[in-house]
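I opened this notebook page to record a few local features that I wanted to look up one by one. The entries follow the order in which I went through them.

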Amino acid sequence: MRLDAHQHYWDIARGDLGWLSPDVPVLYRSYLPDDLQPELAKHRIDGTIVVQAERSHEETDYLLALSDNEPSIAGVVGWLDLHDPDWESHYERFRRHPKFVGFRVMIQEMADPAEVLKPNVIEALARMEELDQPVDLLMRSPQLPAVLELMEKVPNLRGVINHIAKPPIKDGILEPWAEQMRVLAGYPKLYCKLSGMITEADHRRWEPEQLIPYVRHVTELFGPRRVMFGSDWPVCLLAGSYDDVIGALERALPEAWTEREREALFGGNAAEFYKLGGRGDRER
């Protein structure tokens with residue numbers, strides 16, 4: 001199975017994505033499964049992991065309902081308000097849905113990344129660690145110190161770094177991102193998504209070669225079994241097409257990688273991480 005491990009759907013008529021603006025017309029419209037199907041067919045993508053785009057339980061409900069009638073949605077990564085004393089009841093409700101595969105912690109949106117280190121958040125993530133529940137982690141590279149501290153507190157969290165932690169690709173800067181990622185790669189249950197990269201470059205003038213040092217560094221650290229492809233569609237459209245995303249990634253991969261390793265990147269690793277073949281595992 002070939003999987004796109006990170007993309008989004010939204011219906012602008014719902015009016016619940018406050019970050020969308022008419023000032024960014026390429027995104028200020030609905031993006032639904034019928035819009036993505038031609039790209040999935042062209043690249044022989046069998047299914048996708050749809051990731052929340054707004055911090056609301058209602059959006060997670062919407063995505064789960066959307067998945068009921070869309071076979072190409074292999075799983076939904078939702079959102080939980082970990083500051084809500086009743087967060088666990090929402091979690092239990094979500095996880096009863098067969099396509100709920102995890103939730104995302106949006107460190108990127110925190111005014112102070114140290115918020116992720118608050119006792120109630122650590123307690124919730126320790127519970128996820130105990131359950132072996134997949135958790136997506138969204139951050140920008142300047143927020144990595146907080147993530148490093150977080151992983152010290154939940155070292156066995158089944159987590160995945162979104163968008164290679166958004167390093168400053170536009171400026172071609174590697175440090176301190178490179179060393180911080182080296183430390184994070186030492187946690188054996190932590191994965192990394194090779195996604196969201198072209199939008200960290202200059203949207204109008206980026207070149208595939210700019211991604212090579214970042215992709216090679218991540219693949220060296222995490223190896224071929226703990227990385228996964230994600231298009232970040234439709235957000236990627238700010239800088240390029242679905243074709244551009246896949247083409248740039250394939251060009252940046254280590255030349256020595258085998259076909260089996262590439263297949264793992266484009267599906268097998270995501271299926272394993274999100275336990276797509278083992279609903280029973282998520283019920284433990």
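Entry 1, a pair of helices. The model I am reading is a predicted one, and I began with helix 2 (residues 57–68) and helix 3 (residues 87–95), which pack at an angle of about 5 degrees with their axes 11 Å apart. Because angles under 35 degrees count as roughly parallel, I noted helix 2 as roughly parallel to helix 3. I then listed the residues that make this contact: helix 2 contributes His-57, Thr-60, Asp-61 and Leu-64, while helix 3 contributes His-90, Arg-93 and Phe-94. Sorted by class, the contact of helix 2 with helix 3 holds two nonpolar, three polar and two charged residues.

Which residues of helix 3 are buried? I found Trp-87, His-90, Tyr-91, Phe-94 and Arg-95 to be buried there, and since they cover an arc of only 125 degrees around the axis, they sit on the same side of helix 3. For my own reference, an α-helix has 3.6 residues a turn, so residues three or four places apart point the same way.

I located Thr-48 in strand 2 (residues 47–51), and I put it down as buried because its relative accessibility is 0%. The side chain of Thr-48 is joined to that of Gln-7 by a polar contact of 2.7 Å. Leaving aside neighbours within four places in sequence, I recorded that Thr-48 is in contact with Leu-3, Asp-4, Gln-7, Leu-36, Leu-40, Ser-72, Ile-73, Ala-74 and Gly-75.

I noted a cis peptide bond between Glu-175 and Pro-176, with omega about 5 degrees, and another between Trp-233 and Pro-234, with omega about 0 degrees. Pro-176 lies in the loop between strand 6 (159–161) and helix 6 (177–184), whereas Pro-234 lies in the loop between strand 8 (227–229) and helix 8 (242–252).

Asp-132, although not a glycine, has a positive phi of about 60 degrees, and I placed it in the loop between helix 4 (119–131) and strand 5 (135–138). With a relative accessibility of 11%, Asp-132 counts as buried. Ala-165 is likewise not a glycine and has a positive phi of about 70 degrees; I found it in the loop between strand 6 and helix 6, where Ala-165 is buried with a relative accessible area of 0%.

Met-139 is in the loop between strand 5 and helix 5 (144–153), and at 0% relative accessibility Met-139 counts as buried.

Conventions:
Residues are numbered from 1 along each chain as its sequence is written. This is a predicted model: local features need pLDDT of at least 70, side-chain atom pairs count only at pLDDT 80 or more; totals for chains, interfaces and linings use all residues. Side-chain values use heavy atoms; hydrogens and water are left out. Axes are lines fitted to C-alpha atoms, for helices over the stretch in contact, and angles run from 0 to 180 degrees between N-to-C directions. Helices (H or I, at least four residues) and strands (E, at least two) are DSSP runs, numbered from the N terminus. Angles under 35 degrees count as roughly parallel, over 145 as roughly antiparallel, 65 to 115 as roughly perpendicular and the rest as oblique. Contact means heavy atoms within 4.5 Å. Ala, Val, Leu, Ile, Met, Phe, Trp, Tyr, Cys and Pro count as nonpolar, Asp, Glu, Lys and Arg as charged, and the others, Gly among them, as polar. Buried means under 20% relative accessible area, exposed over 50%, partly exposed in between (1.4 Å probe, protein chains only). The arc is that of the directions from the helix axis to the C-beta atoms. A polar contact is a pair of N or O atoms within 3.5 Å; within protein, one must be able to donate a hydrogen and the other to accept it, and residues adjacent in sequence count only if both atoms are side-chain atoms.
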